Amino acid sequence: MQATIAVLSGDGIGPEVVSHATRLLAAIAEKRGHQFRFVHGLIGGIAIDETGDPLPPETVAICEDADAILLGAVGGPKWSDPTATVQPERGLLGLRQHFGLFANLRPVKTYPALAAQAPLRADLLQDIDILFVRELVSGIYFGERQEQGAGDVSYDTMTYTSAQVEQVANVAFRAAQGRRGKLCSVDKANVLASMRLWRRTVVALHEEYADVELEHLLVDAATMHLLTRPGSFDVIVAGNMFGDILSDEASVLAGSLGMLPSASLRADNFGLYEPVHGTAPDIAGRGIANPIGMFLSAALLLRYSLRLDDEASAIEAAVDAALADGLRTADIASADETPVSTDEFAAAVLARIETS
Ligand code: NAD
């Protein structure tokens with residue numbers, strides 16, 4: 001197949017991990033007879049430096065012409081002055097909103113070889129394979145707000161319509177059908193009106209997905225269940241803020257933030273793919289970043305936007321094989337293991353793809 005991929009490397013370790021991911025995608029394309037065209041654009045801090053705009057119109061145009069977007073990360077101390085008129089993060093939020101990417105998918109898996117890196121007991125980390133589906137363009141992050149009014153009052157508003165809940169819940173139900181058939185919906189229906197609408201909508205939609213086993217958890221209970229029975233979850237769907245917090249909590253199960261991929265999707269195949277981590281300014285430029293979150297994001301791009309499931313699995317299998325063979329970047333190496341560099345880990349994954 002032919003596909004155009006918009007590549008937005010961003011800041012910090014973004015370019016370090018994105019460059020290896022595009023090489024991996026090019027290798028997969030060559031091996032399986034596809035033609036991928038990579039078109040590069042600016043976003044975040046580097047875009048502010050070069051154009052004054054964290055999301056220049058040329059970047060939006062590149063993304064509009066593409067089948068999918070591959071993104072590194074944006075931000076860093078250089079642009080972190082909160083009083084600055086433009087912030088790198090605006091570039092990312094702008095992209096999500098411009099393309100209406102309402103469903104954020106974050107798979108969290110544990111690797112037996114990395115159990116020692118995680119803060120939970122090894123027996124609790126068996127067989128963890130959770131897919132978070134977070135609503136991304138509504139809820140309290142986008143509701144009416146007042147920074148500071150008369151009498152020192154500030155507020156944010158959590159608003160959901162049933163249509164907004166339905167579209168993200170549909171993604172979650174369908175994902176559960178393609179996995180182990182279980183969906184956990186997280187809300188705060190005992191206190192919040194918007195969350196009672198969330199629950200009513202999910203319950204009504206369940207009639208169309210009778211083959212999926214549905215469970216509801218209040219968000220406070222969900223934080224505990226994630227740590228006491230993480231292996232029992234399949235797909236978890238939550239609103240914007242609860243999904244943000246819970247998926248970050250779950251990220252520690254994988255051993256390092258550097259391991260986790262994400263996909264932000266709309267109803268067609270178009271999507272934005274990026275690792276969960278940020279620009280890691282403390283290690284940027286040292287060649288030691290873990291590229292796994294970026295590689296697994298490239299795999300999600302193949303699976304969801306290009307519908308190339310075998311090719312996606314090939315990347316995931318190559319990452320698994322490199323880990324099983326003992327290769328570790330610094331963030332996942334234990335005291336008695338010698339870490340490899342980003343380049344070495346990436347070369348090992350590439351070699352496993354080429355020989356697969
Ligand atoms: P971070 O994810 O950049 O780093 C947190 C810690 O995890 C650091 O110690 C870092 O070294 C480590 N880490 C992260 N990714 C790693 C990797 N691939 N390999 C090895 N170690 C890794 O989060 P932060 O420090 O809170 O934020 C730094 C900057 O990134 C900020 O400007 C923030 O706004 C931005 N950020 C951007 C995104 C995004 O672009 N989606 C997400 C989060 C943070």
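# A first look at a two-domain model

Visitor: Which domains does the domain assignment give for the protein?
Guide: The assignment, where bounds come from an automatic or database domain assignment, gives domain 1 (1-101 + 263-356) and domain 2 (119-254). This is a predicted model, in which local features need pLDDT of at least 70 and side-chain atom pairs count only at pLDDT 80 or more, while totals for chains, interfaces and linings use all residues. Residues are numbered from 1 along each chain as its sequence is written, and side-chain values use heavy atoms, with hydrogens and water left out.

Visitor: How many Å apart do the C-alpha centres of domain 1 and domain 2 lie?
Guide: The C-alpha centres of domain 1 and domain 2 are 25 Å apart, and the C-alpha trace of the protein spans about 55 × 50 × 45 Å along its principal axes.

Visitor: And how many helices and strands are there?
Guide: The protein has eleven helices and twelve strands, counted as DSSP runs (H or I of at least four residues for helices, E of at least two for strands) and numbered from the N terminus. The radius of gyration, taken over C-alpha atoms, is 20 Å, close to the 21 Å that the globule rule gives for 356 residues, so the protein is as compact as a globular protein of that length. That rule is 2.2 Å times the number of residues to the power 0.38.

Visitor: What share of the residues is buried?
Guide: Buried residues make up 52% of the 356, where buried means under 20% relative accessible area, exposed over 50%, and partly exposed in between, with a 1.4 Å probe and protein chains only.

Visitor: Take Ser247 in particular: is it buried or exposed?
Guide: Ser247 counts as buried, at 3% relative accessibility, and this residue lies in helix α8 (residues 240-251).

Visitor: Leaving aside neighbours within four places in sequence, which residues is Ser247 in contact with?
Guide: With those neighbours set aside, Ser247 is in contact with Arg106 and Phe132, contact meaning heavy atoms within 4.5 Å.

Visitor: Changing topic, where is Asp127 found?
Guide: Asp127 sits in the loop between β4 (103-109) and β5 (129-135), and Asp127 is exposed, with a relative accessible area of 66%. Its phi is positive, about 55°, although Asp127 is not a glycine. Most residues other than glycine have a negative phi.

Visitor: What about the phi of Ala280?
Guide: Ala280 also has a positive phi, about 40°, and is not a glycine; Ala280 is found in the loop between β12 (271-275) and α9 (292-305).
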